[in-house]
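Dear colleague,

Please find the structure below, together with the sequence.

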Amino acid sequence: MALIKAENIVKDYRVGEVLIRAIDGVSFEIEEASFVSFVGPSGSGKTTLLNLIGCLDSPTEGNLFVAGEDVKELDRREGALFRGKNIGFIFQDFNLIPVLTVYENIEYPLIMVQNVPAREREERVMKLLDAVGMLEQENKYPDQISGGQKQRVAVARALVTNPKLVLADEPTANLDHKTAYMVIELMKKMRDEFNTTFIFSTHDQKIVGEAEIIYTLEDGQIMDMRKKGGNENGKSL
Amino acid sequence: MGNLFKIAIRNLRRYRRRTILTSSLITIGVIFVLVLVGVSGSFKNMMIGQMTDSMLGHIQIHRKGYIASIDNLPLTMNMKPQAVKKLEGIFKQIPEIEAYSPRIKFGAMFSSFTETTNIRLNGVYPEMEMKTLPLLASRISNGGKEIRKGEIIIPELLARGMKINVGDTLVVIATNKDGSVNGKQLKVGGIIESVTGPGGRDGYVHIEDAMDILRMDEMEISEIAIRLKHFDRLHAVYNTLYTLLSGELNKQGKPAFEVHTWEGLSPFYNIARMIDMMSIFIKAMLIAIVLISVMNVMIMAVYERIREIGTIAAIGTLPGKILSMFVVEGFLLGIIGAIAGNILGTGIVYVLKLLRITFDFGRQTGLVLSPTVTMTDILMISLIVIVVAVLGSLQPALKASRMEPIKALRHV
């Protein structure tokens with residue numbers, strides 16, 4: 001069974017009196033433990049699609065199932081609970097909480113979202129700190145570490161709740177190429193280690209190549225879908 | 001919960017200058033309220049003390065209907081000896097009563113042989129009256145501090161107006177309850193100052209002299225003034241007396257007695273109430289200060305942290321927890337302000353007490369201001385500040401908790 005199943009989803013926004021169709025009848029399926037990228041120019045609908053998959057927004061039309069759940073049916077509270085249990089987020093600007101240390105930022109979802117006991121929290125945080133190579137920086141605050149390190153912390157924070165899915169919206173946009181490549185490699189390594197599905201959006205062609213499945217979006221539609229080792233045309237349905 | 005406090009404390013430290021400013025504002029408000037409550041409370045207690053300890057007593061008992069016609073000092077509404085005896089029996093059942101003093105009150109004329117004027121006289125047992133009104137002796141400015149048989153204590157303004165001095169002889173003339181007039185020569189034993197300022201016409205004579213002047217065969221008492229061991233038991237004792245005396249009926253089957261606390265007998269009670277009202281207004285101002293400052297700072301905090309709110313909401317933090325995070329910040333601001341304000345306010349009140357500031361009340365001069373704050377005041381003010389701080393942070397916190405994560409994350 002696919003982790004994500006989108007059936008002809010549409011997302012409309014109203015800006016003043018103008019109706020904007022951000023996603024226009026998109027269908028796709030993503031399997032567990034995939035490493036997927038959405039690519040496309042600015043305004044193509046990448047972020048909107050990620051927001052829909054992440055249950056931060058709901059489609060205007062069509063069906064969207066994430067981890068077997070019809071996300072259209074989730075209310076605000078259920079959406080929060082669903083995200084806390086199943087989805088991790090990595091943001092372009094890292095979005096670490098500035099008053100918490102590296103350790104505490106990773107620990108945060110376990111306390112505030114999942115209520116995990118202290119001993120288990122420590123085990124999980126230390127394991128991830130080690131996995132992302134931030135053990136030595138655990139007591140530093142976000143303003144004391146580099147951009148690449150911040151994104152590594154963000155990766156660890158996204159994974160600490162053992163989610164089925166991690167969504168990363170332009171995770172490398174604020175990083176230099178070398179660091180960006182390292183972050184993508186780290187995400188891939190984490191996918192291998194934790195069997196988590198990673199979906200990221202980017203417009204950086206060099207980074208795109210690291211994805212195993214690439215969806216190309218344009219004007220809210222999937223124009224192309226490519227798998228590594230082959231080229232399969234996945235026109236929007 | 002501990003983590004919410006940890007995050008809140010760090011956020012308060014993150015905006016240190018703003019936190020200091022807001023908590024300083026709350027602190028100043030608390031100081032003002034504490035000092036005002038301490039000083040006005042001291043002034044009020046002193047004023048009440050002057051009224052009750054040198055004139056009224058804490059509670060008075062009269063025959064039913066007497067107070068309604070008290071300006072006439074009607075002798076026909078005095079209490080018979082049997083009634084007084086019954087009351088004395090009741091007083092013995094109430095351990096909170098420290099002393100009581102029966103009085104015969106009557107209107108009289110007195111003449112210095114060259115001039116004549118009217119006076120309100122209180123016939124009292126000197127020892128019982130002094131025990132009931134411990135400040136009475138201090139009001140007698142000239143002559144002895146006692147009320148002796150054959151002597152009269154006259155009000156200062158009458159003495160001055162009629163050029164009467166201690167040792168002079170006067171004639172007191174009064175009409176008894178049967179309508180016949182009688183007079184008696186008395187020596188001026190002392191001059192008494194009025195509690196409330198000019199206009200006092202109350203003088204004192206020994207109760208046996210009052211009986212002579214009024215030609216009473218048996219002692220008929222106009223009122224009994226009562227002093228309590230502890231003033232704060234006033235209403236409890238009043239209620240006990242009221243209950244016990246409501247069972248005492250006259251021949252018509254109606255209550256024989258009426259009981260009043262000093263509050264029902266003196267217009268100064270309204271001043272005391274005004275002081276209380278003033279304290280309430282000052283507390284309302286404190287509420288406004290705390291509410292506005294906390295609400296303002298929390299609105300700013302929410303506005304500045306919209307992306308943070310979006311992040312924590314996106315990763316699954318429930319709206320209730322986001323609300324708690326901001327409410328805890330407001331709560332801590334209230335706690336900081338309340339603690340600092342209480343410490344500094346109590347210190348200032350203590351210094352004011354040490355300075356021994358004096359003021360005048362009526363004819364009393366040089367009364368020493370003795371401000372105090374009670375634990376109840378401190379707890380009450382702290383509670384107000386903390387509750388209002390929480391309420392002040394509630395609206396911004398609600399706004400934060402209801403934010404759409406997607407919009408919050410887009411915020412620049």
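Domain bounds, as used here, come from an automatic or database domain assignment. On that basis, chain B is divided into domain 1 (2–51 + 270–410) and domain 2 (65–255). The centres of these two domains of chain B, taken over C-alpha atoms, are separated by 50 Å.

This is a predicted model, in which local features need pLDDT of at least 70 and side-chain atom pairs count only at pLDDT 80 or more, while totals for chains, interfaces and linings use all residues. Residues are numbered from 1 along each chain as its sequence is written, and chains are lettered from A and ligands numbered from 1 in the order in which they are written.

Helices (H or I, at least four residues) and strands (E, at least two) are DSSP runs, numbered from the N terminus. Two strands pair if DSSP finds at least two bridges between them.

The six-stranded sheet of chain A

Six strands of chain A form an open sheet with mixed pairing, in the order β6-β7-β8-β3-β9-β10. At its edges stand β6 (87–90) and β10 (221–227) of chain A, each with a single partner strand, so one side of each has no neighbour in the sheet. Neighbouring strands are turned by 20° against each other on average, direction ignored; axes are lines fitted to C-alpha atoms, for helices over the stretch in contact, and angles run from 0 to 180 degrees between N-to-C directions.

Strand β6(A) runs parallel to β7 (residues 165–169) of chain A, joined by four bridges, and Ile87(A) stands opposite Leu165(A) in β7(A). Helix α1 (residues 46–53) of chain A packs on this sheet, touching β3 (35–39), β7, β8 (197–202) and β9 (213–218) of chain A, and its direction makes about 155° with that of β8(A). Contact between two residues requires their C-beta atoms, placed from the backbone, to lie within 7 Å.

Strand β3(A) is parallel to β8(A), with five bridges between them, and Val36(A) stands opposite Ile199(A) in β8(A). With β9(A), strand β3(A) pairs in the parallel sense over four bridges; here Phe38(A) has Tyr215(A) as its bridge partner.

A residue is buried if 20 or more other C-beta atoms lie within 10 Å of its own, exposed if 12 or fewer, and partly exposed in between, with C-beta atoms placed from the backbone. By this criterion, five of the five residues of β3(A) are buried: Phe35(A), Ser37(A) and Val39(A) on one side, and Val36(A) and Phe38(A) on the other.

The four-stranded sheet of chain A

A second open sheet of chain A has four strands in the order β2-β1-β4-β5, with antiparallel pairing. Its edges are β2 (18–30) and β5 (69–70) of chain A; each has a single partner strand, so one side of each is left without a neighbour in the sheet. Strand β4 (residues 61–66) of chain A pairs with β5(A) in the antiparallel sense over two bridges, and Val66(A) stands opposite Glu69(A) in β5(A).

The contact between the chains

Chain A contributes 19 residues to the contact and chain B contributes 18 residues. On the side of chain A that touches chain B, α2 (76–86) and α3 (102–113) of chain A each supply at least two residues, and α2(A) gives the most, with six residues.

Yours sincerely
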